[in-house]
Amino acid sequence: MSQEYEYPLSCNLSTDGMNSNYSHLLEYLLIVTQDLFQARSLNKIMEIALVAARKITESDGATFVLLDHGFCYYAEENAIAPLWKGQRVPLNHSIAGWVMLNCQPVMIADVYSDDRLIRNFYETTFVKSMMMVSLCSQKPMGSIGTYWQNYHEPSIETLRLLQTLADITLATMANFQAYSELERRLRDRTTTLETTNILLQKETQTRKVLEAEVRLLSLTDELTGMHNRRGFFLLAEQQIRLAKRSRTNISILFIEIEGFKNIQDIWGQEYGDDAILATARLLKRICRNSDTIGRLEEAEFVVLAQGCDPDCYTIKERLKNALSQLNESKQYPFYLAINVGVQDYESKPHLPLDDLITLAQIHVYQSRKDN
């Protein structure tokens, strides 16, 4: 019998009233989720999942089955007396295989009256009733089953909770596989690095560069090379805090490419990208080093300007002139038009950055309507 994994929250599974009981079980699942995502081995994941399965269903046993080259592999079990742990059986010999192949849960009040079950597989056990849910996303990976030594008919709510546990467990297993693969790569690399001090230094430097690139990519728009939405918000919120302390004027400029969809429809995706890149280059050229620029959506940009007039007249004039020069050059077959809306920070000092951007966007729509 597997050693039971104890959780800090005590869940009373016999609490009076279905709603109260269901609420307690949901709270319990939250803690189970935290423990699952902290697990660093498949055995630990299975142990936590099976203890939780038994507590949720108040069953006499729970089993964790994995799909293994066309067989059901009973990888782990938590029961009053383990029945199948370590066994491999054909998919069509147990209800676990049916659940995997169909990616559907089952509730069986009487194992001897269900046509999907092979009777001799269960007749030597104490199992009378069972419930099983799938570990299945794009393809089947396994299943989690619970069983009772007395005839028992679980509720639909219990089945849903068990399936939720299975879904969380599946996500944890996917994260664990990615984590394990990363660990394996790091171990292999470390073994290579340990050959000489020179290689160690070179690989350490390479790793630092790669990590910096990953961090940069997570904050950078792939097409334009400027900050993406996440990168802009991260940097702009820091700049706002600094500007408040130094009492520097701040304004938000919302910029959109007018008629961007028409450019794409008429000239194609490639020229749509050219319009985005041209706008990005214009903004980089006319903005100062103290300004923060980002691309929010497909054809939407934002600038946090510091130390300028509230309406950002100078920036808008520079952008207007640069845009005019670009169109006169006839570098592109399309005419590039840009709309700009401005919202100063001082008049709305308590609003979050996202709301300031929305106000600047509204100014664009209002000016478009007025025109």
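This is a predicted model: local features need pLDDT of at least 70, side-chain atom pairs count only at pLDDT 80 or more; totals for chains, interfaces and linings use all residues.

Biologist: What is the phi of Cys312?

Modeller: Most residues other than glycine have a negative phi. Cys312, a residue other than glycine, has a positive phi, near 55 degrees. Cys103 also is not a glycine, and its phi is positive, about 50 degrees.

Biologist: Where is Cys103 found, and is Cys103 buried or partly exposed?

Modeller: Cys103 is in the loop between helix 3 and strand 4 (106–108), and its position is just after helix 3. With 31% relative accessibility, Cys103 counts as partly exposed. In helix 3 (residues 95–102), by contrast, Ile95, Ala96, Gly97, Val99 and Met100 are buried.

Biologist: How should I read the nonpolar cores?

Modeller: In soluble globular proteins, nonpolar side chains tend to be buried together. Here the largest nonpolar core has 33 residues, and Val32, Leu36, Phe64, Leu135, Ile144, Leu162 and Leu165 have the most contacts inside it. At least two residues of this core come from each of helix 1 (18–38), helix 2 (42–57), strand 1 (61–68), strand 5 (129–136), strand 6 (140–148) and helix 5 (156–193). Another core, of 31 residues, lies apart from it and includes Ile293, Ala305, Leu319 and Leu336.

Biologist: What does Leu162 touch, not counting residues up to four places away in sequence?

Modeller: Leu162 touches Ala53, Ile56, Thr57, Met131, Val133, Ile144 and Thr146. Helix 5 also holds Ile156, which is partly exposed, with a relative accessible area of 41%. Ile156 and Met107 are 49 residues apart in sequence, and their C-alpha atoms are 9.0 Å apart in space.

Biologist: How is the packing of two helices described?

Modeller: Two packed helices are described by the angle between their axes and the distance between the axes. The axes of helix 9 (residues 269–286) and helix 10 (residues 313–328) come within 10 Å and cross at roughly 135 degrees. That angle makes helix 9 oblique to helix 10, and the crossing is right-handed.

Biologist: Which residues of helix 9 and helix 10 meet?

Modeller: From helix 9, Ala278, Leu282, Leu283, Arg285 and Ile286 meet Ile315, Arg318, Leu319, Ala322, Leu323, Gln325 and Leu326 of helix 10. By class, this contact has nine nonpolar residues, one polar and two charged.

Biologist: At what angle do helix 8 and helix 9 pack?

Modeller: Helix 8 (residues 260–267) packs with helix 9 at about 145 degrees, and their axes are 7 Å apart. Phe260, Ile263, Gln264 and Trp267 in helix 8 meet Gln269, Tyr271, Gly272, Ala275 and Ile276 in helix 9. This contact has six nonpolar, three polar and no charged residues.

Biologist: How many helices and strands are in the chain?

Modeller: The chain has eleven helices and ten strands. Of its 371 residues, 44% are buried.

Notes. Residues are numbered from 1 along each chain as its sequence is written. Side-chain values use heavy atoms; hydrogens and water are left out. Axes are lines fitted to C-alpha atoms, for helices over the stretch in contact, and angles run from 0 to 180 degrees between N-to-C directions. Helices (H or I, at least four residues) and strands (E, at least two) are DSSP runs, numbered from the N terminus. Angles under 35 degrees count as roughly parallel, over 145 as roughly antiparallel, 65 to 115 as roughly perpendicular and the rest as oblique. A crossing is left-handed if the near helix is turned anticlockwise from the far one by less than a right angle, and right-handed if clockwise. Contact means heavy atoms within 4.5 Å. Ala, Val, Leu, Ile, Met, Phe, Trp, Tyr, Cys and Pro count as nonpolar, Asp, Glu, Lys and Arg as charged, and the others, Gly among them, as polar. A nonpolar core is a set of buried Ala, Val, Leu, Ile, Met, Phe, Trp, Tyr and Cys residues joined through side-chain atoms within 4.5 Å. Buried means under 20% relative accessible area, exposed over 50%, partly exposed in between (1.4 Å probe, protein chains only).
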